[in-house]
Amino acid sequence: MSLFLDLITPKFFLPLVAPFIVVSLAIPASATDQLTGKLVITGSSTIAPVISEIGKRFESLHPGVRIDVQTGGSSRGIADVREGLADIGMSSRALKDQEKNGLTSSLLARDGVCFLVHKNNPIKELSDQQIRDIFTGKLTHWNQAGGLHAPITVINRADGRSELELFSHHFQIKPMDIKAHLIAGDNEQGIKTLAGNPNAIIYMSVGTSEYDAAQGVPLKLLPLNGIAATTENIRTGSFPFARPLLLVTKPDAKPPTKEFVEFALSSKVHDVIKELSFVPIQ
């Protein structure tokens, strides 16, 4: 009996407990993370795939945060932030003067807008005037532009899409004067429509188009003013039809929003931006 009592006295018991006390203090960093809640991010379908991937990486670092990414166009993203419907807006164009009041924009990356035809279309290049004539209905068949004797299917972008605004401004064409056979909303819809129609033409994000072409989608990026539509030419500033990719927030954004934007603008996600064929800000 005396041996049993000796074994359960504190002098024997405490050394057995001490190691467990030390281990219990080794709390993983994620367990002490204070960021929680849901971030709603809406806007440009060009930026959405990048932000979705960045969001997954951010969630792995901050388990208490959930990222909800929705498309709908740059104008929607900007308006949603202003109206409190989204924490962050994605815009693939610069903010207009009337949109700047009360909002902050951060440059995420750079992209360009190019013209796409089907991979089997023999057209190699179109002049600015030919593009104007095609989209205003003056050229209706590819042979009028040096291609096959086939009708041209014009795919325009939906209202609120930054590409439509950039196209209209760059080529000095009013949206009401565009003679379109089909309207594409987000990039995915436009790419699928073009891939299924060998006589179609559309204008689209260079980064998205370059990425999809590399994945085997049957499309061809046309040069503009003799300059190839590539992310490398966007990086060097030589491609003439470039644009910023922005994240839009309110100046008094809550901590998870600020942390996410800071993370998205950091070099920690440059690999994601490059993988999706956009040009990160160095």
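F167 has a relative accessible area of 0% and is therefore buried, a word that stands for under 20% relative accessible area, with exposed meaning over 50% and partly exposed the range in between (1.4 Å probe, protein chains only). The model is predicted, so local features need pLDDT of at least 70 and side-chain atom pairs count only at pLDDT 80 or more, while totals for chains, interfaces and linings use all residues. Residues are numbered from 1 along each chain as its sequence is written, and side-chain values use heavy atoms, with hydrogens and water left out.

**Overall makeup**

- The protein has 12 helices and 10 strands; these are DSSP runs numbered from the N terminus, with helices being H or I of at least four residues and strands E of at least two.
- Of the 282 residues in the protein, 45% are buried.
- Among contacts between residues at least 6 apart in sequence, 74% join residues at least 24 apart, where contact means heavy atoms within 4.5 Å.

**Nonpolar cores**

- In soluble globular proteins, nonpolar side chains tend to be buried together.
- The largest nonpolar core has 39 residues, and those with the most contacts inside it are F115, L116, L126, I134, F135, F167 and I201.
- A nonpolar core is a set of buried Ala, Val, Leu, Ile, Met, Phe, Trp, Tyr and Cys residues joined through side-chain atoms within 4.5 Å.
- Another core, of 26 residues, lies apart from it and includes I88, V269, V272 and F278.

**F135, F167 and the aromatic pairs**

- F135 counts as buried, at 0% relative accessibility.
- Neighbours within four places in sequence aside, F135 is in contact with F115, V154, I155, F167, D177, I178, K179, I201 and Y203.
- The whole structure holds 11 aromatic pairs; rings of Phe, Tyr and Trp (its six-membered ring) pair if their centres lie within 6.5 Å, and planes under 30 degrees apart count as stacked, over 60 as edge-to-face and the rest as tilted.
- The F135 and F167 rings form a tilted pair, because their centres are 4.9 Å apart and their planes are at 55°.
- F135 lies in helix α6 and F167 in helix α7, so this pair ties together parts that are 32 residues apart in sequence.
- F167 and F171 are also a tilted pair, since their ring centres are 5.3 Å apart and their planes are at 40°.
- These two residues, F167 and F171, both lie in helix α7, 4 residues apart, or about one turn of the helix, and both are buried.
- Ring pairs join F115, F135, F167, F171, Y203 and F241 into a cluster.

**Helix α11**

- In helix α11 (residues 255-264), the buried residues are P256, T257, F260, V261, F263 and A264.
- They lie on the same side of α11, because they cover an arc of only 160° around the axis; the arc is that of the directions from the helix axis to the C-beta atoms.
- P255 and E262 are exposed, on the face of α11 turned away from its buried side.

- N121 lies in the loop between β4 and α6 and is buried, with a relative accessible area of 5%.
- A polar atom of the N121 side chain lies 3.0 Å from the backbone nitrogen of I123.
- Beyond four places in sequence, N121 is in contact with W142, P198 and K220.
- S238 is in the loop between α10 (231-236) and β9 (242-249) and is partly exposed, with a relative accessible area of 32%.
- The side chains of S238 and T236 are joined by a polar contact of 3.2 Å; a polar contact is a pair of N or O atoms within 3.5 Å, and within protein one must be able to donate a hydrogen and the other to accept it, with residues adjacent in sequence counting only if both atoms are side-chain atoms.
- Not counting residues up to four places away in sequence, S238 touches I227 and N233.

**Positive phi values**

- Most residues other than glycine have a negative phi.
- N225, in the loop between β8 and α10, has a positive phi near 55° and is partly exposed, at a relative accessible area of 48%.
- S277, in the loop between α12 (270-275) and β10 (279-280), has a positive phi of about 70° although it is not a glycine, and counts as buried at 12% relative accessibility.
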